[in-house]
Structure formats: C-alpha cells, structure tokens
Amino acid sequence: MLHSANRVLSEHRTDGSLAMLTVDLSNAFNLVDRSALLYEVKRMCPSISLWVNFLYGQGARLYIRDQHIWSDTGVQQGDALGYLLFVLILHPLVNNIRYNCKLLLHAWYLDDGTVIGDSEEVARVLNIIRVNGPGLGLELNFKKTEIFWPSYDGRKLRVDLFPTDIGRPSLGVKFLGGGGGAASIDAGFVSGLGMKIAVNAVDLIGILLQLFDPQSELLFLRSCMGIAKLFFGLRTCQPVHIQESGLFFDKGLRRSIEDMVVCGGPFFGDIQWRLASLPIRFGGLSLYSAYEVSSYTFLASRA
C-alpha cells in the first residue's frame with residue numbers, strides 16, 4: 001500500500017485536482033456491530049456460522065467488583081477469527097466505495113484505508129464512510145483521518161468539500177502509527193520520521209540496561225527491541241533519506257552491545273562491532289546494522 005501510494009504521488013504530484021485520504025476508524029475492532037457481523041458470516045462463510053453464533057450470539061458479562069457491564073459489540077481480543085470477522089464487516093463498505101467511486105488507488109489494511117483520486121471522488125468516499133459506516137459499527141476517527149496532496153487547485157480549497165476538523169498535513173502523511181513509513185515527496189519529512197523512529201528505538205534500548213542480565217538483554221535486542229523496531233521504516237523509506245537515522249540507531253545499538261560484552265570497559269572496537277553484526281552461525285550475535293541493511297530491505301520490499 002505504501003509503495004503504491006508513493007508511486008502514484010510521485011507520478012501525479014503536480015495534478016492539483018487530486019487528493020489522498022488516509023482513513024482511520026475509531027476503536028473499530030471493539031465497536032463493530034455483532035448483528036451485522038453474524039449476518040455477513042452466515043452469508044459469506046456459512047460453514048462457520050454456527051460456531052461464530054455460539055461465540056458472539058449473545059453478550060458476555062464483564063465483572064467490576066460487585067458490578068458488571070455487558071460486552072455485546074466488537075470482536076474479542078485474542079480470537080483467532082477476529083481479523084476475518086472484522087474484514088467481513090468492512091467488506092460491504094469497501095465494495096460500496098469500489099462500485100461508486102472512480103479512484104487511482106483504493107486499498108485497506110484492516111481499519112486503515114488509503115484512497116487517492118480526484119478530490120470530488122475522494123470527498124464522495126468520505127461521505128460513504130460517514131453515512132454507511134455507523135450502521136456497521138464503523139465510525140470515522142477524525143483526529144487520525146487526513147487529507148493530503150502536494151499541489152492544489154481551486155476546487156479542493158472549497159470549504160464544503162471536506163470536514164473542517166479533518167487533518168490537512170502539508171508535507172506528507174504517516175502510515176501505521178509510530179513505527180510506520182511515510183507517503184511524501186518531501187525528503188525532510190521522510191528523514192524526520194525516520195529519525196523519530198530511531199530515537200524512540202534507542203531510548204527503548206537504553207532501558208534494557210536496567211535488567212542487569214546480558215543474556216536477557218541480547219534476547220530482547222534480537223527478537224523485538226533492536227532493529228525490529230525499524231524494519232517497517234527501512235522497507236518503505238528510500239535509503240538516501242534515512243542514512244542519518246540509521247547511523248544514529250547503530251551508535252545506540254553499539255553502546256548497548258559494548259555494555260553487554262565488556263560492561264563498558266575497553267577492548268570493544270570496530271572489529272568487535274563487525275563481529276557482533278554477523279549471523280550466529282558465523283560466530284556473531286545477529287544484531288544487524290540499520291545503515292547496512294537499509295539498501296537491500298527497501299529494494300526487496302519494493303520488488
């Protein structure tokens with residue numbers, strides 16, 4: 001989705017009639033309408049409808065001391081069917097947009113939608129979601145829904161075309177939260193987002209030292225707290241724009257490895273850093289350099 005959005009953005013950047021809409025739905029998994037859910041399951045997946053009806057056909061009591069409230073909307077966290085059930089609810093809305101609007105790009109990742117087209121068509125998409133979404137339990141989150149394009153024409157500036165409380169960034173939009181990528185043709189916007197992600201990752205690595213357990217620290221760094229925090233950005237941002245953030249992350253990672261291996265003492269130089277970045281089967285620690293992997297992660301993802 002992100003590569004496609006950036007490709008369309010790059011090819012049509014000067015066409016002021018176009019607009020990009022990034023849709024976010026409020027607390028969507030917890031608020032989908034269960035009666036609509038059961039109907040769609042019976043229509044689209046009848047072989048599991050009895051089981052889903054058993055799970056979601058009636059509300060569940062949630063106890064708070066001697067009080068209780070009813071849980072009768074949404075899909076349950078941890079349910080292996082949760083994603084499937086959610087997209088079955090979203091599917092009619094997506095088809096409504098597909099058949100009634102002419103768009104250059106129309107793609108969804110669960111409750112995050114991306115639409116590019118003529119500004120009038122994009123406004124029609126927004127209206128379809130506002131009118132038809134609530135009946136399915138899908139409400140727009142205006143704080144995170146944004147309209148963006150690098151060029152403008154007179155129609156797009158009409159006051160009544162888009163809601164006044166919708167976000168209108170001028171340089172680009174951020175995809176999928178704090179660890180996401182950027183849809184933008186502005187190098188400063190992309191590099192700034194990359195640096196923000198790198199700073200957050202290095203701050204998190206710094207907290208590892210409080211464990212006072214090098215083996216546990218190494219396990220966390222390899223599995224979820226090291227370069228894993230940067231992978232989405234590395235796959236979707238052009239390497240030339242995130243070199244600085246990659247070098248910044250590598251310095252923070254190197255300090256952490258140095259503390260684990262020699263407890264902040266001497267005898268940890270460039271050779272040891274190179275060895276640590278090798279895969280385990282070659283005698284390393286499998287802690288990869290963001291600067292080195294940025295080129296092939298982006299190329300592999302783009303391909």
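Me: How do the residues lining the second largest pocket divide into nonpolar, polar and charged?
Reply: They split into seven nonpolar, seven polar and four charged. Here Ala, Val, Leu, Ile, Met, Phe, Trp, Tyr, Cys and Pro count as nonpolar, Asp, Glu, Lys and Arg as charged, and the others, Gly among them, as polar. Before we go on, this is a predicted model: local features need pLDDT of at least 70, side-chain atom pairs count only at pLDDT 80 or more, and totals for chains, interfaces and linings use all residues. Residues are numbered from 1 along each chain as its sequence is written, and side-chain values use heavy atoms, with hydrogens and water left out.

Me: OK, which residues lie nearest the centre of that pocket?
Reply: Asn6, Ser184, Ile185, Gln238 and His241, out of 18 lining residues. A pocket is an open set of points on a 1 Å grid over the protein atoms alone, where a 1.4 Å probe fits, with protein on both sides within 12 Å along at least five of seven lines; lining residues have an atom within 4 Å of a point.

Me: And which element gives the most to the lining?
Reply: α1, with five residues. Helices are DSSP runs of H or I with at least four residues, strands are runs of E with at least two, and both are numbered from the N terminus.

Me: Switching topic: where is Asp111 found?
Reply: In the loop between β4 (105-109) and β5 (112-118).

Me: Is Asp111 buried or exposed?
Reply: Buried, because its relative accessible area is 15% and the cut-off for buried is under 20% (1.4 Å probe, protein chains only; exposed is over 50%, partly exposed in between).

Me: What does Asp111 touch?
Reply: Val23, Asp24, Leu25, Ala28, Phe29 and Phe86, leaving out residues up to four places away in sequence. Contact means heavy atoms within 4.5 Å.

Me: Which residues touch the most other members of the largest nonpolar core?
Reply: Leu21, Leu25, Leu37, Ile129 and Leu138, in a core of 38 residues. The largest share, eight residues, comes from α5. Such a core is a set of buried Ala, Val, Leu, Ile, Met, Phe, Trp, Tyr and Cys residues joined through side-chain atoms within 4.5 Å.

Me: What about Leu138, which residues does it touch?
Reply: Among them are Leu25, Phe86 and Ile129.

Me: Last one: how do β2 and β3 run?
Reply: Antiparallel, with five bridges joining β2 (residues 60-64) to β3 (residues 67-71). Strands pair if DSSP finds at least two bridges between them. Leu62 stands opposite Ile69 in β3.
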